[in-house]
Structure formats: C-alpha cells, structure tokens
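Open the model in your viewer and keep the selection panel at hand. The tour goes stop by stop: select, look, move on.

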Amino acid sequence: MYVEKTCEEIAALVHGRLCGSCPQGLSGVASLKEAMPSDVAFLGNDKYREQVLPSRAGVVLVPENYDVPPPAGRAWITCADPSQAFSTLVTLFTPPPVSYAPGIHPSAVVAADAVVAASAHVGPCAVIGAKAQIGEHCVIGAGCVIGQETCIGEQTFLYANVVIRERCSIGKRVILHPGVVIGADGFGYNSTQQGHEKVPQVGIVQIDDDVEIGANSCIDRARFGRTWIQQGTKIDNLVQIGHNVQVGAGCLIVAQVGISGSSTLGRGVILAGQAGMAGHLTLGDGAIVMAQAGVSKDLAPGAVVFGTPAMDRREFAKQNMYIGRLDKTAASIKELTRELGELKAKLAALEEKK
Amino acid sequence: MYVEKTCEEIAALVHGRLCGSCPQGLSGVASLKEAMPSDVAFLGNDKYREQVLPSRAGVVLVPENYDVPPPAGRAWITCADPSQAFSTLVTLFTPPPVSYAPGIHPSAVVAADAVVAASAHVGPCAVIGAKAQIGEHCVIGAGCVIGQETCIGEQTFLYANVVIRERCSIGKRVILHPGVVIGADGFGYNSTQQGHEKVPQVGIVQIDDDVEIGANSCIDRARFGRTWIQQGTKIDNLVQIGHNVQVGAGCLIVAQVGISGSSTLGRGVILAGQAGMAGHLTLGDGAIVMAQAGVSKDLAPGAVVFGTPAMDRREFAKQNMYIGRLDKTAASIKELTRELGELKAKLAALEEKK
Amino acid sequence: MYVEKTCEEIAALVHGRLCGSCPQGLSGVASLKEAMPSDVAFLGNDKYREQVLPSRAGVVLVPENYDVPPPAGRAWITCADPSQAFSTLVTLFTPPPVSYAPGIHPSAVVAADAVVAASAHVGPCAVIGAKAQIGEHCVIGAGCVIGQETCIGEQTFLYANVVIRERCSIGKRVILHPGVVIGADGFGYNSTQQGHEKVPQVGIVQIDDDVEIGANSCIDRARFGRTWIQQGTKIDNLVQIGHNVQVGAGCLIVAQVGISGSSTLGRGVILAGQAGMAGHLTLGDGAIVMAQAGVSKDLAPGAVVFGTPAMDRREFAKQNMYIGRLDKTAASIKELTRELGELKAKLAALEEKK
C-alpha cells in the first residue's frame, strides 16, 4: 500500500509544470500547515498564500498566478486547478476504500419476501422489511433498518444505522451517511381545545439518483403524495427537511439547515449552514440563502438573501452599514440641535434689536 | 387495497356539499399541483387558491368562502374544514399501516429480568436492559436500545434505532421517531485550571402520555431529579432539550429548536423552527417564540417574541421598519445640515448689515 | 441502596458549616423547587436566592454570602462551592451507575482480526470491523458500529448506537453519547455544469483523551489528514463539526453549534448554543462566541462576539441600544425639521422688513 513518487512523476500525473526540485521521495499528502518534507500540499485558496513558503511540504501544487520561486530543495507544481490536482494525488496516496463483499451477513434479518440483489452487501444486524427491494451492488451498512416495501436502486450506499421507513423510494448511486432517517412522520396536528390531534402522514419520500445525504439528517415522509429530493442534490449533516418539500436537482444544502413543510426549491438552489425556511415557500432556480438566514417569502430565481427575516444581500449590507453608523447619526442630531439652538438665540437677539 | 369512490360518495363521507360533477371514479388523494383526474385534492390554505382551477384533480375539497364554480367534468365539495376532511380521505385511500405482531423477535436481546407485555412487539436486534418494563401493545422497533430499569407505558411506539438510557419513565401512547435519544447526560462541568470536570448527571427523563418526539431529537437526563415533558406535547425532529428542563402540557416544539438546561415552559407554549432559549428561564402559558428567535429573558404568558435577543414581536417589527428607513434618515440629516448652513449664512449676512 | 444521613453528617461530608437544625433524616437530593423535607437542595446560582426560604428542603447548601437565617426545623450548610458540594451528595444518594461486565456479548459481531481487550465490554448487536482495536476497560454500547482499523483507547465509553467509521483514532477516557457519528465524509464537491462531483474524503478523525461528545453530534472525517478534537474538549448534543476542523484543548461547544470545514479553534474557546462559523477561520485561545452568533472572520484571543455577522459584544450592545432608540431618532429629526422651518419663516420675515 506504500507508494513513493518523485516530483517529476507527480508533475506528470497532474499535468502540471515543475518549478524547482525536491530530492526526497513523496509518499503522502497533507495541508500546508501539517505537511512534512515527504508530503505534497496545495494552495487551493488564496487565503493560504502566506503558508506556502513556511510549509515543510516537499512539493506544493500552486495556481498559475503564484509567482514566488521555491526555495532550494523544494518544488512547486503549477496547475490550472491545484485543488482538483490534489484530489488525484489524495487518491494515489491513500489506502484503498473499505470493501464490502456481496452477500447477506448471517446476523442480518431479511424478510422472506424481500428481494436483495445477489451483488448487494447487507451488513451485520441490518434489518430489511417485507417486500423491500435492494438493487445490484448496493451496500446496506450494519444496523440499518429498511422498512416494508421500500425500494433501493442499484449502487446505492447506506452507511451504518440508517433508517428508512416503509414504502419509500431511493434511487441509484445514492449515498446515505450514518444515522440518516428517511420517511419519519411529518410534523402535523389539528390543534383543538382537547389537544393536538395527529394528522396521518401517509405519503412517502422519493430520493432520486446521485443524491447524497449527510449524517443524522432527516427527511420526513409526506402527509400524502411524496417528499421529493431530485437528482444530484447534496445534503450535509443534521439537516431537517419537512413533509411534502420538493428539492430540485443539483441543490446544495449545508449542515443544520431546516426546510419547513410544503416548500419547493428550484434547480441548483444553495442553502448555507443553519439557514431556515418557513413552510409553503417557493425558491427560484439558483437562489442562494446565506448562512443562518431565515427565509419568510418566496425568492426569485438567482436571488441572494441574508438575515432574519431574509432580504436581498445588498440591502442587508446597506442596512448593516447604516446601523454601524448610528453612533455618528446620534452625534449629528445632537450637533444639529445645538446649532439650531444657537441660531434661535441669535435670531431672537436680532428680533429684539428691532 | 384498491378503493374507488364516486364524487357523491366522497361528499357524503366528508359531510360536504357537492358542487359540479366528476364522471371519473376517485381512487387517490394528492396535492392540487400533483393531482390526476382520479384524485381528490383540497384547498387548505388560501395561498393556493389560484391552483384550484388549473389543477387536474377530479374533485377538490374547498372552504365555504370559495366561490369560483367548477369547470365541466370536475367537482368541488364545500366543507367546514377541508384540511380535516382531506385527512379522512387520506386514511380511506392509503395503504393500511404496517402491522407489528406481538412477540419478541428471536434476534432481540431481552434481559432475563425485564418485563415485556405479551401483546408488545419487540423488533429485530432490539436490546432491552435489566428490569426494564414494556407495556401492553407497545412497539419497540428494530435496533432500539432500552436501558436498565426504564419503564414504557402501554401503546407506546418506538420506531427503529431509538435509544432510551437507564431509569427513564415513558408514558402511554407516546411516539418516538427513529434515532431519538432519551436520557443522555446533560452538559454540565465544573471548569477549573485543570480542565472541565464532569458533573454527574444522575437524574432521569420523564415523558408523559401522548407525547410525540421527532427523529434524532435528544432529551437529556436531569443532573438530579427529572427532565420532564408533560402530557400531549409534540416535538419535531433534531430538537435539543437540556437537563432539568420542564416542558408543560400541549406545547409544540418545531424542528431544530434548542432549550438550555433548567428552563421551564408553561402549557401550550410554541417554539418555532430553530428558535433557542438560554438556561434557567420561565416561559408563561401560551407564549410563542418565532422562528430562529433567541430568548434570553423570562416571557409572560401569551408573549409573542422574535429576534435575537428576542423581543416583543411588534417591537421587533417597529425596529425593523425604522432600520429599513435608515437611508432616508441619513438623507434627512444631510438635508437638515445643508439647510442649517444656509440659514447660518443668511443670519450672518443680516447681522453684518447692522 | 437506601441511604439516610443526619444534617450533621451531611455537613461533615461536604466540609461545610451547619446553621440551624433538621430533625428529619435526609435520603435524597432535589432542586429547591421540587425538594421534600427529606431532601438536600442547594443554592448554586444567585438567581434562585428567593427560592431558598419557600423551599421544603430539609437542608440547603448555601454560599458564604447567604445571610438569611434558616427557619425552625430546617438547616443551611454554608459551603465554599455549594454546587460542587451538592455533586458529592448526588453521588451519595443516587443509585449506583449501571455496570458493564467485561466480555463480548454473543450477539455482537467482531471481526476475526479485531483486537478487543479482555477487560472491555462489547454490548449486544455491536459490530466491530476488521483490524479495529478496543482498549482496556472500554465500553462499546449495544448497536455501536466501529469501522475497520479504528483504534479506541482505554476506558473510553461509547453509549448505544454510536457509529465510528474506518481508520479513526479515539483517545482514552473519551465519552461518546448515543447516536454520535464520527468520521462520516466531509461535505465537499467540485461543482461543474455536469453537476456536483464528489471530492474524496480520505482523511480521518482524531479524538484526543478526555473528550466528551453529546448525543447525535457529527464529526466529519478530513478530506485528507485529520479532523482533530484535542484533549479535554467537551461537545454537547447535535453539534456539527466539518472536515479538517481542528478544535483546541479544553473547548466547550454547546448544543447545535456548527463549525464549517478547515476552521481552527485555539485552547479554551467557548461556542454557545446554535452558534455557527464559516469555514477556514481561526479563533484565538479563550475566544467566546455567544448563542446563535454567526462568525465570519478570524477572532483574536479572548474576543467575545455576538450577532450575525458576529461582532464584538460591546459593539453589538451599543448598536442594539441605538436601534432601540430609533423611534426617538425619528422624532428628533421631525422636531428639528419643524423648528428649522419656523426659523426659516422668521428669518424670511426679518429680511422682508428691511
């Protein structure tokens, strides 16, 4: 598993231009700050420019606009996209992914009428309900619980302790990280004098192909019909998506976001960390909700909003600027009042003179 | 399982008044947007009024104030409460709930001195600790872990992978969704120069009857005594409730809310999504905390608050209005300064003339 | 298990000074509000001073500056640190902790080449991957899933249903509460016209000694290298820590906090509940982020910040004060405008007279 490469070999691998030379063999990857002389590091964000020279990394992948020459015994490799080039090397130097052999672990509990593809892996203590279907090359991690009549498409990967309740539909190449809960009841009650009466939540969750959902995130089942996450959307950890929400294709939903029931997101919408949305809203294609913002109205395609309640990002910045000047505003008013007083006095004196 | 009804039958079922006619048999329910001609939809929120006519739903349940006549081949059914009427139909048309047969799955691990009612269902790979008690007609889902000496009342339903630690008390007809954690240690330390020394958390959690708790929510055990969720309170997903908190009866706590330790909520308090509360606070009966608000002071009964730090909702709205006008405020001050300068000059000219 | 002590015995146990007398034997601990005459309560927070006299507690532990004398039949015990003294009593009066016998439960699934110390407890349905190592006196709770090649130091305690993925490193005396997920993939994509391409996340998570992590919290594995939680840091429930984050020693991270990727926290940093941080930031030693704040810039050591975007706490307070006065600001401007108008008129009259 141990791999060692020369700096020339690395440059060739990433189609980069070598600058300087590194006598040492390279056997790992690391961040600029943590790298040793046998590591390759990279400058992916201009913010870290000052870390390149002090770094101990034998080789640093740099962007084309980085013009500081390397010191003796170290090398730069200039690349069009250092971050992407680095990913190639990460794959080269890191241990192979854990493999999951086809077959059902003897401790797993699979209903007699469930259909599990022969190439699928079902881990220890996983539980698969009646009439569920598990596609080819799926991995169902240890401790997962798949509900009755739920279907999972081929090559989908469930890490440990994922729960999917009954009758949900999961696409192909979907990745669900540990602790994800799909298809729990939506939060719906009829509140009367006698208390909060539960509204049946009998719809499903549909997750389309190539979706990824982070650890301990929750996607509630629909009251009726479906909660729907469309193709290629990526969801981070600890996200809450309410019943009957529809998330368009290619969205990015960062950690701890909450989307209330019946909202609809267009294609390519981005919600940054800890943002929240009220229910029954529509967000246009490509809308961006900044971190911790709270959206209370529909958003036009391409809108970029910040704050609670969320507003246009430039409007937010303008308001913030004015707020930051309120001490000066107060001082101006005090000064105006003083000057006005002076003027009054002078005027009174003039009038008296008449 | 397939059910088909005429629109007259539907009207009778929901005690509504039929308007127009739908030739097609009805076999499902759906939202206005997704409905097909064989579906019943409903207008539950005035916001969707414009979706009624374009919908393809064969029948729409409408409120009494909806006065647009149905087009040919479609029907409205006027109801006092279309949302509730729809729930009745949802139950009619949807597949029966998954059934859980009484008995302990052979893969479950039940302590010899635990007491499990004969009518209870204990799912695959569930673990029940020493001296725990599981009431009649309970469902303990697959992969649940019930701690030593914990008692669970009758008809309580634990979905998969719920964890309840030792010595907790769960009432009757409680619903715990997948991944819920009850009775983990509260977050308490004595911080000294040597570090943060753990404060023992030896109390319990008591959950009263008819409480429902959403997926992956956490209710910490008390430092001593109990953390207490009272009768009929409903808690959404990913909610955090700290040690020694007391939540009154009939509260609604929406997703991702956080309640810090030792706070007390009265009856019928509502915390909207992502709201937070500092510790040791008291919220009066019926208080409402709006989404993302951060409560830092006690609230009177019936208070409605917004913002961080949270303030009266009207005060928040007023402040927001003034903030929105700060550009005009700045312009006014500029204009006042200019006019004052003019006046000064004129006055100086007058004085000179003397 | 039942323990009864006199008030003199209690005073001796906590090295406190007895004031008054309690005839009743003492057999429990409780909060001031919930205590019965056989309970010891304590005054740990000045806020509860008014609850001491009305409490029914037979004995109250009070701080040295509490000078109200006890009524007949009740006693105070004056202590340097009533909260700490109370912890001693909690331990005395409460049932012994649940014990976990050494050994591997027969329902657990342990890889043939995993190394589990003889003194470790592996609970029912736990799963331990290939080449994993479990140290002496560890407890691996029911339903936990430990990935391939992960190492866990001695005396570390994993409650039920914890997931640790492959190749992570967990120190000694670490406590992981139920549902914790360690080492899930970080949230990283290269977004192109074709969609969001997953960036491999091949690093690990390293958790140092004496760290505690609350229920359902998530610590993502590094893109490369490690996500690193250093010695003695305490993390509450439902916290999200992104890939390549480094958290210094002795930090306190309260519930529902989110820390974005590649950020670095110094020693003793405190993040209060629901606070969030952008990625690639550095927080100096002892910095404090108040509840719900959103940090978007590096923080100097000892900084205390509030608000979104977060700013110095005093600056925030000042801004808030000015915002609270905006109604008066508007009134002042109106009044100035009126007075200026008056002045103009008078001046015009004077000029006319000439």
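Select helix H2 of chain B, residues 82-93. What covers the buried residues of H2(B)? The cover includes helix H1 (7-13), strand S2 (28-29), strand S3 (39-42) and strand S4 (59-62) of chain B. Helices (H or I, at least four residues) and strands (E, at least two) are DSSP runs, numbered from the N terminus.

This is a predicted model: local features need pLDDT of at least 70, side-chain atom pairs count only at pLDDT 80 or more, and totals for chains, interfaces and linings use all residues. Residues are numbered from 1 along each chain as its sequence is written, chains are lettered from A and ligands numbered from 1 in the order in which they are written, and side-chain values use heavy atoms, with hydrogens and water left out.

Stay on H2(B). Color its buried residues: Pro82(B), Ser83(B), Ala85(B), Phe86(B), Ser87(B), Leu89(B), Val90(B) and Phe93(B). Buried means under 20% relative accessible area, exposed over 50%, and partly exposed in between (1.4 Å probe, protein chains only). The expected span is 1.5 Å times one less than the number of residues.

Now jump to H2(A). Its end C-alpha atoms are 16 Å apart, which agrees with the 16 Å that twelve residues should span at 1.5 Å a residue. Pick out Pro82(A), Ala85(A), Phe86(A), Ser87(A), Leu89(A), Val90(A) and Phe93(A), which are buried. The buried residues of H2(A) pack against H1 (7-13), S2 (28-29), S3 (39-42) and S4 (59-62) of chain A.

Back to chain B for a loop. Select Ser263(B), between strand S30 (258-259) and strand S31 (264-265). Is Ser263(B) buried or exposed? It is buried, with a relative accessible area of 0%. Its side chain reaches the backbone oxygen of Ala278(B) at 3.0 Å. Show the surroundings: Ser263(B) touches Asn244(B), Val245(B), Gln246(B), Met277(B), Ala278(B), Gly279(B), His280(B) and Leu281(B), not counting residues up to four places away in sequence. Contact means heavy atoms within 4.5 Å.

Next, display chains A and C together. The contact takes 66 residues from chain A and 69 residues from chain C. The two chains bury about 5200 Å² between them, 63% of it on carbon and sulfur atoms. Gln292(A), Leu340(A) and Leu347(A) supply 10% of the area that chain A buries against chain C, more than any other three residues. Buried area is the accessible area (1.4 Å probe) that two parts lose on being put together, summed over both.

Which element gives the most to the side of chain A that touches chain C? H4(A) does, with 13 residues. That side divides into 35 nonpolar, 22 polar and nine charged residues. Here Ala, Val, Leu, Ile, Met, Phe, Trp, Tyr, Cys and Pro count as nonpolar, Asp, Glu, Lys and Arg as charged, and the others, Gly among them, as polar.

Now the charges. Between chain A and chain C there are three salt bridges. A salt bridge is a side-chain nitrogen of Lys or Arg within 4 Å of a carboxyl oxygen of Asp or Glu. Select Lys198(C) and Glu212(A): their side chains meet in a salt bridge (2.7 Å, N to O). Lys198(C) is partly exposed, at 29% relative accessibility, whereas Glu212(A) is buried at 3%.

Move to Glu212(C) and Lys198(B). They form a salt bridge, the closest N and O atoms being 2.6 Å apart. This pair crosses between chains, from strand S23 (residues 212-213) of chain C to strand S21 (residues 195-198) of chain B. Glu212(C) is buried, with a relative accessible area of 3%; Lys198(B) is partly exposed, at 29%.

Then select Arg165(A), Glu166(A), Asp185(A), Lys198(A) and Glu212(B), linked in a network of salt bridges.

Last stop: Lys318(C) and Glu315(C), a salt bridge with the closest N and O atoms 3.6 Å apart. The two are three residues apart in helix H3 (residues 313-324) of chain C, so about one helical turn separates them. Lys318(C) is partly exposed at 32%, and Glu315(C) is partly exposed at 28%.

Technical notes:
Polar contact = N/O pair within 3.5 Å; in protein donor to acceptor, adjacent residues only side chain to side chain.
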